[in-house]
Amino acid sequence: MTDAAHAPQLPQVIAIDGPTASGKGTIAQRVAAVLGWHYLDSGALYRIVGLLALREAVSLDDGLALSQLAGQIEPVFQGERILLGGEDIALAIRAEQVGTAASRVAVHPPLRAVLVELQRRFRRSPGLVADGRDMGTVIFPDADLKVFLTASAASRAQRRYKQLIEKGFSAKLTDLLRDLEERDARDSARAVAPLKPAEGALVLDSTHLSIEQTVEAVLEAYRRRDPR
Ligand code: CDP
């Protein structure tokens with residue numbers, strides 16, 4: 001037998017990437033719950049850096065200062081709560097201006113490099129469902145299943161509107177649609193880890209699918225995958 005045959009297998013990963021408000025978070029959490037796996041909301045890490053930058057008045061254009069901020073964060077994910085130095089920042093990072101700040105900090109290569117190891121540490125037994133922009137392309141290129149989840153801009157704006165109102169934020173649909181299109185453009189055009197389907201990814205358009213149908217489509221693709 002070769003050494004490769006004896007190499008310890010890393011826990012399995014399902015990578016779910018896609019544009020803003022495509023429902024990645026909801027779908028990834030449900031798939032993780034069905035399988036009994038861990039869940040990584042990688043966008044939360046960029047949102048935390050965005051929040052800290054806004055709070056500490058660090059320029060969103062200063063990649064080096066932002067990567068130093070990112071190097072200091074040790075968030076603890078506890079169900080719905082995200083603890084950062086004892087403070088639950090789960091709600092604060094959902095504000096739309098924090099999402100926009102996250103998208104701006106995410107263009108800086110040194111900052112992205114700092115977050116790579118932090119994200120890979122979430123890969124634990126029995127498996128991980130990870131959602132973001134570059135889960136299948138950069139962070140877990142050996143993922144067992146890669147999904148690119150999308151939906152029309154209009155339906156994503158509707159979903160984000162509902163989500164913000166439910167959390168008690170005020171929101172305007174026309175502003176959301178404009179911000180979302182700007183964010184898509186920035187996430188897709190950046191030089192490092194741009195938003196794009198990973199090679200071999202299942203591209204799933206959920207515009208006309210319910211949450212349950214989308215979850216089922218991901219699970220079905222996982223069951224049908226080529227086992228390693
Ligand atoms: O909730 P939404 O889909 O709008 O965004 P998110 O997943 O919370 O991510 C916020 C921002 O972080 C995105 O607009 C991306 O610019 C950035 N991000 C990234 O660059 N790479 C990731 N793996 C996840 C998020």
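**A walk through a predicted chain**

The chain holds 10 helices and eight strands, where helices (H or I, at least four residues) and strands (E, at least two) are DSSP runs numbered from the N terminus. Its radius of gyration is 17 Å, close to the 17 Å that the globule rule gives for 228 residues, so the chain is as compact as a globular protein of that length; the radius is taken over C-alpha atoms, and the rule is 2.2 Å times the number of residues to the power 0.38. This is a predicted model, in which local features need pLDDT of at least 70 and side-chain atom pairs count only at pLDDT 80 or more, while totals for chains, interfaces and linings use all residues. Residues are numbered from 1 along each chain as its sequence is written, and side-chain values use heavy atoms, with hydrogens and water left out.

Along its principal axes the C-alpha trace spans about 55 × 40 × 35 Å. Of the 228 residues, 47% count as buried, a term that stands for under 20% relative accessible area, with exposed meaning over 50% and partly exposed in between (1.4 Å probe, protein chains only). Among contacts between residues at least 6 apart in sequence, 76% join residues at least 24 apart, contact being defined as heavy atoms within 4.5 Å.

Six of its six residues are buried, so β7 is largely enclosed by the rest of the structure. Leu145, Val147 and Leu149 point one way from the strand, whereas Lys146, Phe148 and Thr150 point the other way. In a regular strand the side chains alternate between the two faces of the sheet. Four bridges join β1 (residues 12–17) to β7, and these two strands run parallel; two strands are said to pair if DSSP finds at least two bridges between them. Within this pairing, Ala15 has Lys146 of β7 as its bridge partner. Four bridges also join β7 to β8 (residues 202–205), again in parallel, and here Val147 stands opposite Leu202 of β8.

The largest nonpolar core has 27 residues, and those with the most contacts inside it are Ile48, Ile73, Ile93, Leu111 and Leu115; such a core is a set of buried Ala, Val, Leu, Ile, Met, Phe, Trp, Tyr and Cys residues joined through side-chain atoms within 4.5 Å. At least two residues of this core come from each of α3, α4 (63–72), β4 (81–84), α5 and α6 (109–120), and α3 gives the most, with eight residues. Leaving aside its neighbours within four places in sequence, Ile73 is in contact with Leu45, Ile48, Val49, Leu52, Leu84, Leu115 and Leu118. A second, separate core of 17 residues includes Val129, Leu204, Val218 and Leu219.

Leu84 also takes part in strand pairing, with Glu87 of β5 as its bridge partner. The open sheet concerned has three strands in the order β3-β4-β5, with antiparallel pairing. In this sheet β3 (76–78) and β5 (87–88) stand at the edges, each with a single partner strand, so one side of each is left without a neighbour in the sheet.

Helix α9 (residues 173–189) contains the buried residues Leu176, Asp179, Leu180, Arg183, Asp184 and Asp187. Seen down the helix axis, these fall within an arc of 140 degrees, so they line one face of α9; the arc is that of the directions from the axis to the C-beta atoms. They pack against α3 (42–55), α5 (96–105) and α8 (153–166), while the face turned away from the buried side carries the exposed residues Thr174 and Ala189.
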